[in-house]
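Open the model in your viewer and keep the selection panel at hand. This tour goes from one selection to the next.

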Amino acid sequence: MKFIVFIIFFQCSLFSFQNFKNDKEELFQKYQQYSLQKNFLSLDDDLYKDYIVQDINLNNTLSYKEKKLFTDTVYLQVFMIGTVGFLYMLPPSITKWEDTEDDKSLTEKWKEHVKAGPVWDKDEFFINYVGHPVSGAWYYMVARDDGFGPWESFAYSFMLSTFFWEYGYEAFAEIPSTQDLIFTPTIGALMGEGFFYLEKELDKNHGEFWGSKTLGNISYFFLNPIGRMTDSLDDFFNINLEFHYQIFQPAAISQVSPQLRRVDYVPSNYGFMLDMKF
């Protein structure tokens with residue numbers, strides 16, 4: 001009797017276990033469907049698109065002074081490119097730039113120069129120890145006038161002089177210079193803080209130098225020419241700049257959970273976009 005009861009109980013248990021297993025699989029499938037439709041994109045939406053774009057407007061995350069510095073940095077590229085054009089017209093005896101009349105493309109030259117540098121250059125004393133530090137001071141002044149402190153302004157000057165100039169525009173023409181990498185941001189920051197102090201003294205005198213507004217405006221310009229030019233460009237063009245960070249993911253990936261999307265093997269493409277509205 002006990003044996004019969006045990007067999008019946010065992011069969012009932014197997015039957016219950018099989019039913020539970022089927023119910024579990026069905027519930028799991030329903031949960032997956034619910035999760036995809038409610039928490040992520042609908043299975044019907046964007047299904048036939050190659051990529052789903054997640055657009056993040058970085059302007060919305062910036063403070064006023066950060067937005068101002070970002071705008072000034074964009075305008076500053078006009079100044080830098082103009083400087084490259086001016087130096088290009090000077091004789092090689094002054095710039096020490098290589099002869100550009102060869103078969104190499106600009107990209108090939110840039111790669112060669114970046115790989116070969118930095119080196120101790122043979123530029124004139126005035127260019128290395130006056131010209132470049134003054135440029136660093138002007139970079140410093142852009143950030144300082146936009147409301148940033150000395151260390152932040154130094155970091156900004158270092159970024160511009162190193163990555164935008166030495167390893168950027170100028171690297172198309174010559175190998176990055178050790179002196180310029182060191183002295184442009186360091187001496188430039190010291191000079192820039194001095195320029196900032198003189199600018200504040202002018203402010204105390206209501207913009208007058210030796211009682212003259214004209215001399216005061218000239219002084220303002222030479223203390224911070226880049227800032228004056230970027231402000232003028234901003235007033236003239238009235239350009240609204242928006243910086244976007246974008247993630248491009250295959251449509252199928254947009255249907256999976258965030259945990260899977262964070263895994264390295266999930267294919268995604270990242271990019272930046274600059275909107276300029278006049």
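This is a predicted model: local features need pLDDT of at least 70, side-chain atom pairs count only at pLDDT 80 or more; totals for chains, interfaces and linings use all residues.

**Whole chain**

Colour by secondary structure before going further. The protein chain has 10 helices and 3 strands. Trace the order along the sequence: α-β-α-α-α-α-α-α-α-α-β-α-β. Now colour by burial. Of the 278 residues, 32% count as buried. The accessible area is about 18,400 Å², and carbon and sulfur atoms hold 65% of it.

**Stop 1: helix α2**

Select residues 64–89, which form α2. Show the side chains that are buried here. They are Lys68, Leu69, Phe70, Thr71, Asp72, Thr73, Tyr75, Leu76, Gln77, Met80 and Leu87.

Zoom in on threonine 73, which sits in helix α2. Is threonine 73 buried or exposed? Its relative accessible area is 12%, and the cut-off for buried is under 20%, so threonine 73 counts as buried. Which residues does threonine 73 touch, not counting those up to four places away in sequence? Select Tyr156, Leu160 and Phe164 to see them.

**Stop 2: helix α6**

Move to residues 150–169, helix α6. Pick serine 157 in this helix. At 0% relative accessibility, serine 157 counts as buried. Now display its contacts, leaving aside neighbours within four places in sequence. Serine 157 is in contact with Gly136, Tyr139, Tyr140, Thr184 and Pro185. Keep Tyr139 on screen for the next stop.

**Stop 3: helix α9**

Select residues 225–237, helix α9. Its 13 residues reach 18 Å from the first C-alpha to the last, close to the 18 Å expected at 1.5 Å a residue. Which residues of α9 are buried? Pro225, Ile226, Gly227 and Thr230 are.

Centre on proline 225, which lies in helix α9. With a relative accessible area of 5%, proline 225 is buried. Draw a distance from proline 225 to tyrosine 139, C-alpha to C-alpha. The two are 86 residues apart in sequence and 9.7 Å apart in space.

**Stop 4: the largest pocket**

Display the largest pocket. It holds about 540 Å³ of space. Of the 23 residues that line this pocket, Thr83, Leu87, Ile127, Gly131 and Ser135 are the closest to its centre. Leu87 was also among the buried residues of α2.

Which helix gives the most to the lining of the largest pocket? Select α5: it gives 9 residues. α2, α3 (92–95) and α5 each supply at least two residues of the lining. Colour the lining by class. The count is 14 nonpolar, 6 polar and 3 charged residues.

**Stop 5: backbone exceptions**

Finish with the backbone. Most residues other than glycine have a negative phi, and most peptide bonds are trans. Where does a cis peptide bond occur? Select glycine 117 and proline 118, which such a bond joins, with omega at about -5°. Proline 118 is in the loop between α4 (106–116) and α5.

Now go to the loop between α7 (178–204) and α8, where histidine 206 lies. Histidine 206 is not a glycine, yet its phi is positive, at about 60°. Is histidine 206 buried or exposed? At 61% relative accessibility, histidine 206 counts as exposed.

Step along to tryptophan 210, placed in the loop between α7 and α8. Tryptophan 210 also has a positive phi, about 55°, although it is not a glycine. Its relative accessible area is 74%, and tryptophan 210 is exposed. The tour ends here.

Notes. Residues are numbered from 1 along each chain as its sequence is written. Side-chain values use heavy atoms; hydrogens and water are left out. Helices (H or I, at least four residues) and strands (E, at least two) are DSSP runs, numbered from the N terminus. Buried means under 20% relative accessible area, exposed over 50%, partly exposed in between (1.4 Å probe, protein chains only). Accessible areas come from the Shrake-Rupley method with a 1.4 Å probe; for residues, only the protein chains shown count as cover. The expected span of a helix is 1.5 Å times one less than its number of residues. Contact means heavy atoms within 4.5 Å. On a 1 Å grid over the protein atoms alone, a cavity is a set of points where a 1.4 Å probe fits but cannot get out, and a pocket is an open set with protein on both sides within 12 Å along at least five of seven lines; lining residues have an atom within 4 Å of a point. Grid points are joined across faces, edges and corners, and a volume is the space filled by probe spheres set on the points. Ala, Val, Leu, Ile, Met, Phe, Trp, Tyr, Cys and Pro count as nonpolar, Asp, Glu, Lys and Arg as charged, and the others, Gly among them, as polar.
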